[in-house]
Amino acid sequence: ISAGEKINSNWGQRAFAYSNNISGFKSLCTQNLADPTISDGSTAMDVSLWTGNGTNKTISGLSHSPDLAWVKARSFGADPEIYDIVRGAGERLYTSLTNAESTASSSVNSFTSNGFTVTGGGGVNNNNSTYVGWTWDAGSTTASNTDGTITSSVRANQTAGFSIVSYTGTETANDSVGHGLNAAPELIITKNRDNGTYSWRVLTTAIDGSLDRLFLNATSTKADQTGVNVPTSSVFYVGSNLDHNKSGDAIIAYCFAPVEGYSAFGSYEGNGDGNGPFVYTGFRPAFLMIKASSTTGNWHMHDTSRSVDNPAPERLFSNLTNAEQTSSAGNIDILSNGFKLKNSTAGYNADGVTHVYVAFAEHPFKTARAR
């Protein structure tokens, strides 16, 4: 385009003056995008906010029947707690600690058709304290799975690419475990339930396609997960590592396969600038977790229920007890088709550093609206 020239464009904001008579082509507008598999992300992953009452409280209004609830106190420091229907409501694990599973009196003590109940105080229901709960739907049935060398108990939502997998370790090299998804998971989070020595191991192919290892309770740099095969559409591999395959110990695994328009797992390189990179996900994220992977860094957790406007600075951490932080150090713009870093903070956007992200949709790009 030469200086002084003008172009008038119609990107779908008004009716087109001419019909499209070219076979195989469509107008460039979101209406002509393919229909997503999941039209409303909240039917598979949703977020609840509540203020505790110190006794018993029902959290309702979710758009699905949750099978996994990850709860974090916002207004005071407390370890993040995680509960699922396969282990049983009331069975608590902390994502910031290596502690073994414990039966808690103050806990998520039941799951309902559109929420869950919390009892007591502590990290889920202190009187007048505020909380957030991130929840996922893993389907309606838990079944035995013999696809791997280790028999597992699996509750799987294949449409949403999420399964909860329980199994007993054997310590055998390159053991495999069936995950029930019919698609290769790109993110697998495991925890030894019986032993407080072992970390939350995160296995992912989202950084560079190979199998890498991180720890959900730690700031460690990623490392290659050697001696273990990449997950397939039927199984993931655990090797003889004690974190997720100690002989005789009960292990839980949360497996996620990407679903276009609903979930995305990937990486980006920071530029160290307040005007950071834009990351395309194909949807407006409802939940976003970011960690520096080529250097040490915390796991930063954002969602659009706590942050209703851009920038979205409200952040919590999977590996820390910290209360919710709200400062420009965590600024992110949540957009209709991804997110943009608006800070130069280490852990989000350090120059030349690779960061891994986990995102779940509020709405796919076709129906998302900017804020």
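**Close-ups of a predicted chain**

Of the 371 residues in the protein chain, 54% are buried (under 20% relative accessible area with a 1.4 Å probe, protein chains only; over 50% is exposed, and partly exposed lies in between). The model is a predicted one, where local features need pLDDT of at least 70 and side-chain atom pairs count only at pLDDT 80 or more, while totals for chains, interfaces and linings use all residues. Residues are numbered from 1 along each chain as its sequence is written, and side-chain values use heavy atoms, with hydrogens and water left out.

**View 1. The whole chain, for orientation.** You'll find 2 helices and 27 strands here (DSSP runs numbered from the N terminus: H or I of at least four residues for helices, E of at least two for strands). The C-alpha atoms fill a box of roughly 75 × 50 × 40 Å along the principal axes. Contacts (heavy atoms within 4.5 Å) with a separation of 6 or more are 65% between residues 24 or more positions apart.

**View 2. Arg 155 and its surroundings.** Arg 155 sits in strand 11, residues 152-157, and is buried, at 11% relative accessible area. Its side chain makes a polar contact of 3.2 Å with the side chain of Asp 67 (a pair of N or O atoms within 3.5 Å; within protein, one must be able to donate a hydrogen and the other to accept it, and residues adjacent in sequence count only if both atoms are side-chain atoms). The Arg 155 side chain also reaches the backbone oxygen of Gly 139, at 3.3 Å. Beyond four places in sequence, Arg 155 touches residues including Ile 85, Thr 141 and Phe 162.

**View 3. Trp 136 in the largest nonpolar core.** Trp 134, Trp 136, Tyr 262 and Phe 339 touch the most other members of this 53-residue core (a set of buried Ala, Val, Leu, Ile, Met, Phe, Trp, Tyr and Cys residues joined through side-chain atoms within 4.5 Å). Strand 27, residues 354-364, supplies its largest share, 6 residues. A separate core has 18 residues, among them Val 228 and Tyr 237. Leaving aside neighbours within four places, Trp 136 contacts residues including Asp 67, Phe 162, Tyr 262 and Phe 360.

View 4. Six strands run in the order 1-9-3-4-5-6, with antiparallel pairing (two strands pair if DSSP finds at least two bridges between them). Strand 1 (45-51) and strand 6 (102-103) are the edges, each pairing on one side only. Strand 5, residues 91-94, joins strand 6 over 2 antiparallel bridges, and Glu 91 has Thr 103 of strand 6 as its bridge partner.
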